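Please read them with the coordinates open.

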Amino acid sequence: LSRGLGDVYKRQVYDRRPESFEGYLEDGRTAHNVLERQLSKSGHWLALGHATLADIACYPYVKRAPEGDLPLDDYPAIRAWLSRCEALPGWISIDS
């Protein structure tokens, strides 16, 4: 989503129940903490010591998290993991 489209989506969804947005942010921060801890323990990938479907499936949600007000600045293992995913042979960027 472009930044503008993300803002429109947030208004459409959360203006109806603005109190729910903070709950979703908290859930997202919890997920980031779990992911950061897992990557710190397991090394470079989410499972099995190499890239798997788990990495591919999680990547777009984590990559786009900053658009939903969930910055990745405090998550060095996550940022490194995103870079490793993007360096995989045949990877197609979602930023282009």
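1. Tryptophan 45 has a relative accessibility of 11% and therefore counts as buried, where buried means under 20% relative accessible area, exposed over 50% and partly exposed in between, with a 1.4 Å probe and protein chains only. This tryptophan 45 sits in the loop between α2 and α3, the helices (H or I, at least four residues) and strands (E, at least two) being DSSP runs numbered from the N terminus. Setting aside residues up to four places away in sequence, tryptophan 45 touches Leu39, His50, Ala51, Asp55, Trp81, Arg84, Cys85 and Leu88, with contact taken as heavy atoms within 4.5 Å. Aspartate 55, one of these partners, is ten residues from tryptophan 45 in sequence, and their C-alpha atoms are 6.9 Å apart.

2. On provenance, this is a predicted model, in which local features need pLDDT of at least 70 and side-chain atom pairs count only at pLDDT 80 or more, while totals for chains, interfaces and linings use all residues. Residues are numbered from 1 along each chain as its sequence is written, and side-chain values use heavy atoms, with hydrogens and water left out.

3. As to the overall architecture, the protein has four helices and zero strands, so that the order from the N terminus reads α-α-α-α. Of the 96 residues, 27% are buried, and the protein exposes about 6400 Å², of which carbon and sulfur atoms supply 59%; these areas come from the Shrake-Rupley method with a 1.4 Å probe, and for residues only the protein chains shown count as cover. Among contacts between residues at least 6 apart in sequence, 65% join residues at least 24 apart.

4. Helix α4 spans residues 76-86, and its buried residues are Ala77, Ile78, Trp81, Leu82 and Cys85. Viewed down the axis of α4, these fall within an arc of 140° and so line one face of the helix, the arc being that of the directions from the helix axis to the C-beta atoms.

5. In α3, the buried residues are Asp55, Tyr59 and Val62. Because they cover an arc of only 85° around the axis, they lie on the same side of α3. The exposed residues Leu53 and Tyr61 are carried by the face of α3 turned away from its buried side.

6. How do α3 (residues 53-63) and α4 pack, and at what angle? The angle is about 120° and the axes are 11 Å apart, with axes taken as lines fitted to C-alpha atoms, for helices over the stretch in contact, and angles running from 0 to 180 degrees between N-to-C directions. The two helices α3 and α4 are therefore oblique to each other, given that angles under 35 degrees count as roughly parallel, over 145 as roughly antiparallel, 65 to 115 as roughly perpendicular and the rest as oblique. Across this pair, Asp55, Cys58, Tyr59, Val62 and Lys63 in α3 meet Ile78, Trp81, Leu82, Cys85 and Glu86 in α4.

7. Two further side chains deserve a look. Histidine 32, in helix α2 (residues 19-42), counts as buried at 5% relative accessibility and, leaving aside neighbours within four places in sequence, is in contact with Ala65, Leu70, Pro71, Leu72, Tyr75 and Ile78. Arginine 79, in helix α4, counts as partly exposed at 36% relative accessibility and touches Leu72, Asp73 and Asp74, not counting residues up to four places away in sequence.
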